[in-house]
Amino acid sequence: MAPILGRVFDIQRFSIHDGPGIRTTVFLKGCSLRCVWCHNPEGIDRERHLSFVARNCIGCGYCFRVCPNQVHVMDSEKGHLLRREKCEVCGACAEECYAKALELVGRDVTVEDALAEVMRDQPFYETSGGGLTLSGGEPLAQIDFTEALLRAAKEAGLHCAVETCGHAPFRAFKRVLPYVDLYLYDIKETDERRHEEYTGAPNGVIFENLRALHDAGAAILLRLPIVPGLNDRDDHFENVARLMRSLPRLRGAEIMPYHRLGTSKRERMGLASVGDAIYETPSKEAVAGWVEALRRRGVAVINEG
Ligand code: SF4
Ligand code: SF4
């Protein structure tokens with residue numbers, strides 16, 4: 001039987017923000033949402049991307065020689081440019097680029113290989129109460145791999161967390177339910193019209209899945225990406241508080257303040273901008289104000305302050 005493959009864009013060791021303790025986070029490619037503030041734009045599509053960081057280029061010229069499509073060109077004023085419309089993302093140039101100016105983003109891994117990478121830090125998980133987190137992209141969008149990796153990790157005794165946008169068929173949640181110790185569940189926007197505007201999809205199924213998971217006894221921590229000028233509104237905070245009152249076994253909520261990491265990633269990978277630059281990076285005071293606004297409404301916010 002052919003092995004189950006997962007397409008990942010990163011396996012990040014020593015994560016301390018993706019669940020309890022020290023963790024390894026496996027980032028899977030592919031997501032059905034298109035959030036305008038996405039900080040992992042390389043996770044949206046299943047296809048691989050060619051990343052180019054011009055400042056790392058040492059001008060060795062290998063990429064010019066190996067590319068079958070003449071994607072790499074030297075401009076007398078702008079220097080090394082990529083004609084991305086001709087690129088087939090074959091990876092030949094990235095393989096030759098020892099300076100790591102060029103890198104292929106997205107690789108296929110087997111469950112065994114992914115688990116072996118995760119198990120390298122098992123002693124740290126034991127001492128810190130950490131484990132494995134699947135993130136993305138949307139892990140449930142690659143349900144066969146996600147289910148198989150979670151099952152294998154559980155058999156290996158690991159604590160397993162899944163970070164999800166909630167936009168998936170509930171049958172996918174059911175398949176992973178026995179193996180997940182904690183869901184980090186995104187609530188991006190409580191207003192349906194705005195949710196569709198900001199993410200490209202309505203939020204009804206996200207709330208239905210949340211309620212069904214809650215009723216099935218799952219441990220769930222809400223994650224609230226907050227973007228200045230978009231969803232830092234009183235009515236959104238009020239709706240989050242109402243939602244949490246209606247689901248009393250939720251573990252609390254964590255505010256994920258907007259940051260601009262996605263902008264540089266888009267530039268490196270030649271991905272179309274989705275308006276990222278128009279948002280302000282929130283100040284510490286602004287974040288503290290959001291925390292306070294939610295706590296005042298009875299929400300157990302786990303952010304410090
Ligand atoms: S192979 Fe890498 S370092 Fe060499 S010219 Fe191409 S991008 Fe620059
Ligand atoms: S990935 Fe392949 S087609 Fe694209 S620039 Fe590199 S060598 Fe050329």
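I call a residue near a molecule or strand if one of its heavy atoms lies within 4 Å of it.

**Ground rules.** I'm working on a predicted model, where local features need pLDDT of at least 70, side-chain atom pairs count only at pLDDT 80 or more, and totals for chains, interfaces and linings use all residues. Residues are numbered from 1 along each chain as its sequence is written, chains are lettered from A and ligands numbered from 1 in the order written, and side-chain values use heavy atoms, with hydrogens and water left out.

**Ligand 1.** I listed what surrounds ligand 1: Phe52, Cys57, Ile58, Gly59, Cys60, Gly61, Cys63, His80, Cys97, Ala99, Ala101 and Leu102. I sorted that shell by class and got 9 nonpolar, 3 polar and no charged residues. My classes: Ala, Val, Leu, Ile, Met, Phe, Trp, Tyr, Cys and Pro are nonpolar, Asp, Glu, Lys and Arg are charged, and the others, Gly among them, are polar.

**The interface.** I found 9 residues of domain 1 in contact with 8 of domain 2 (contact means heavy atoms within 4.5 Å). About 690 Å² is buried between the two domains, 57% of it from carbon and sulfur atoms; buried area is the accessible area (1.4 Å probe) that two parts lose on being put together, summed over both. On the domain 1 side, Gly106, Arg268 and Met269 lose the most area, together 67% of what that side buries. I also classed the domain 1 residues that touch domain 2: 3 nonpolar, 2 polar and 4 charged.

**Salt bridges.** My rule is a side-chain nitrogen of Lys or Arg within 4 Å of a carboxyl oxygen of Asp or Glu. I checked one pair, aspartate 45 with arginine 34, at 3.5 Å, N to O. Both residues sit in the loop between strand 2 (23-28) and strand 3 (49-52), so the pair ties together parts 11 residues apart in sequence. Strands (E, at least two residues) and helices (H or I, at least four) are DSSP runs, numbered from the N terminus.

Most residues other than glycine have a negative phi, and most peptide bonds are trans. I noted a cis bond from glycine 136 to glycine 137, omega near 15°; glycine 137 is in the loop between strand 8 (131-136) and helix 5 (143-155). Glutamine 70 has a positive phi, near 50°, and lies in the loop between helix 1 (62-66) and strand 4 (72-75).
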